[in-house]
Amino acid sequence: MSTSIVIMMLIVSLLLGLAGLIFFLWGLKNGQFDDGEKMMNNILFDDENELNEAFKREKKIKKDN
Amino acid sequence: MSKIDCNHCGLKFDKSSLIEQKDSDKTLYFCCSGCQGVYNLLQSQGLDDFYKKTNHKELSPPKEKLSDSSSFDSPGYIQKYTKKIDNLIEISLIIEGIHCSACVWLNEKVLHSKDGVVEANINFTTHKAKILYDPKLIKLSEVIETIRSIGYDAFAYDAKAQEERTNRQRKEYYYRMAVAIFATMNIMWIAVAQYSGYFSGMKNDLRVYLNIAEWLLSTPVLFYSGWIFIRGAYFGIKNNIVNMDILVSTGALLTYAYSIYITIFTNHEAYFDSVAMIITFVLIGKFLEVLSKKKAIDKLDLLSLQMPFESLIVIGDKKKTIAVDSIQEGDLIELKAGERASADGIVVKGNASFNESNITGESKEVYKDLNSNIVGGTLSVDGWIQYIATKTYANSTMSKLINMLDNTLENKPEIETLTRKISEHFSSAVLILSLFTFIFWYLNNNFETSFIIGISVIIIACPCALALATPLASLVGLGIGIQESILFKESKFLETVAKTDTVVLDKTGTITIGEPHVVNYKKISTYDENLLFSLVSLSSHPISKGIKKYFKNKKIYNTELENIKTIVSKGISSEFNNLKLLGGNNKLMEDFKVEIPKIDSQNTFFYFAINGNLVAIFELTDEIKNGSSELISYLQSENIDVHLLSGDTKEVCEHVVKNTGIKNFKYSLSPFDKLDFISNLQSKNKVVMMVGDGVNDILALAKSNVAISMGSGSEVAVDVGDVILLDDSLLKLKKTFEISKTTFYLIKQNLGISLLYNAITIPLAMMGYIIPLVAAISMSFSSLIVVLNSLRISYKNRKIF
């Protein structure tokens, strides 16, 4: 195996891993993992209604500020 | 009869007892009007999805009677619990009645649908909600009413700065751990490639590239994740303390620097993997400690909750409600039944019974009339009085207690933990040995060899095992505690309990149950016991409850009594078919000229008379809890001094002491006396454990080295306590000692293992037999042994219990 291929693989895999880490840290910062049990159940509350709700809420926050 | 589910809460009831509601196509059943109301509200708002989401879980029916919510709008309340963010207000609420994630969903949904509520976020685990609202559009009381309308209840709590700080600290550890673990895992893979290359041969340039990759990965581990240790080492040096952080950071920094040297100037394997491993392992150990740290609580606020926000004062013929802080000496304050006194004072008009248990610890009510002293923070149970404030609110007894508590908690004495003691000496010894090794080798060898050997001493002495020894064993100990319903709030208390040599016990609620209990029942002439049962059922006084409990086992039914009168602090009178019933203490009997025999005893008596003739006498006493004598004899066999403290009279204490075998006791103590007693013991170098449950014990609890509270005790006492016995059993206190002693024994064993390991390997490293590569591998091995040894506690415990 040539050295350059090993180096390239190393770089690519590290970058991919880094992306995962960054997303994880981002989620951590957003408080997505603050409440373990709620996080597990979030998948149940993820339909059209929730999207509409979230949209309305955004609008409300904008209006208030 | 068939049982069917209530359509809202899902609890099963007999069909006949349910409320029927005819809907368009089906019949609905509800157990109460509360459930019906909530169901209809949800239907009308299109929120019936809720029932799908609960997955037919049982809910609790909504509470019927709730206190008036308008008091939530008082300026004092708002100021105390809310935070202003721009022109919005943020409040933290605890929501009662949350069972499942659907409840969270429903609450958030309903709140979001309200105008003015900008953001509502409920934590499912803690039931705490953060709500951001616009005060121009919605009032706080309306927010709380919204939650109540769907069958939950909410009350504000102070989102304490301290709690937020703990959470932030924990989050910071998560970040650092995530980075460290990610990088270390990747370094491990690269290290595998390098080590296999070491044996099978590898191109030199590839080895250098792998070194560079490791270098890149280990840099954030050392300087971001390891920053905690570098910072700790800096403060250590500044304060002339050699701590474990110094050893960790010097080891890691030196190895890192040396590895950079290898990468740039040679083509050997570098030791970046050791750097990352040391930091990651020790960080995990430290994180375990942070995880089991007590959630900081604001003790002040809970106590203040017991205090009124406002008082009704009388000026001339006008009455005015003012904030407690603006009460002046000499103000005339009016107090109705069920209210708490704000400032201290003297009664000028009326009479009332007071529950002073938060000052004296006794559940018996105290009768107050003209010229009696009123203590701030005590509760008027019945009656009506006006009193003149003799002190301002801030100088009143309860406020003083609160201030003192804060002070005492901040200065809580701590015993030095074993690990800290050892690591101090250990770190300096290793650093000095490493330096000597380097100098010794440098006399005969070149710089590089001597430097490697010097460093290998530090790496081999890596305190990983040492750092993991305590947190791991503690974590297992805490886990066993929880299984036994013993809650250790912080792991260090395991060690403190194990080192305790003096135990101070409170009487009421700790040694005794705290409720009067009938010990002797003398029937003077035959009478209808149903009448007495009905009479005592009318009162909520502890003595009435005790008698009611006594009759519960017999087949007794309630009769309709007429003309019921409660005579403050004395008893109750009533009529039944021309029979005059009278039940109460000796004072009541004297008032109604009923002849009673003279009895000399420390117990409480209750007399029952019909038409002026005494028919029955009850003797009541506060029962001693099961297992008290067993606990005392266990403590004495472990050479622990036991003291009993009580706010009660000498006679009552003597009775308890005689029955439990306690040798030392003190009586008629105020909360401040109890505090002095503890400080006095501590000044004699005793490690003091205080066991208590009431507000009157909190100062002593706060002062003690380790405070044990009963789970059913007052909320403040539970908060101040370091260890909580959730089921109030005294035998659990014995178990607390056993768990702590086992855990501490294991901690010592773990420390022993890691020291023994070092005793063998450090001389080898000094002689130059161990290269850093071997050091790194054997280091993980020692950590592994410590981990396995800690898990042994659960096994050991099975044998003990």
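**Aromatic rings and a chain interface**

B:Y258, B:Y261, B:F265, B:Y271, B:F438, B:Y442, B:F447 and B:F451 form one aromatic cluster. This is a predicted model, where local features need pLDDT of at least 70, side-chain atom pairs count only at pLDDT 80 or more, and totals for chains, interfaces and linings use all residues. Side-chain values use heavy atoms, leaving out hydrogens and water.

Biologist: How are the planes of B:W215 and B:F272 arranged: stacked or edge-to-face?

Modeller: Rings of Phe, Tyr and Trp (its six-membered ring) pair if their centres lie within 6.5 Å; planes under 30 degrees apart count as stacked, over 60 as edge-to-face and the rest as tilted. Here the centres are 6.2 Å apart and the planes at 5°. So the pair of B:W215 and B:F272 is stacked.

Biologist: Nice! Is B:F272 buried or exposed?

Modeller: Buried means under 20% relative accessible area, exposed over 50%, and partly exposed in between (1.4 Å probe, protein chains only). B:W215, at 24%, counts as partly exposed. B:F272 has a relative accessible area of 0%, so this residue is buried.

Biologist: And how many residues of chain B are in contact with chain A?

Modeller: Contact means heavy atoms within 4.5 Å. On the chain A side, 31 residues take part. On the chain B side, the number is 37.

Biologist: How many salt bridges does the rule find across that interface?

Modeller: The rule looks for a side-chain nitrogen of Lys or Arg within 4 Å of a carboxyl oxygen of Asp or Glu. Across the interface of chain B and chain A, the number of salt bridges found is 0.

Conventions
Residues are numbered from 1 along each chain as its sequence is written. Chains are lettered from A and ligands numbered from 1 in the order in which they are written.
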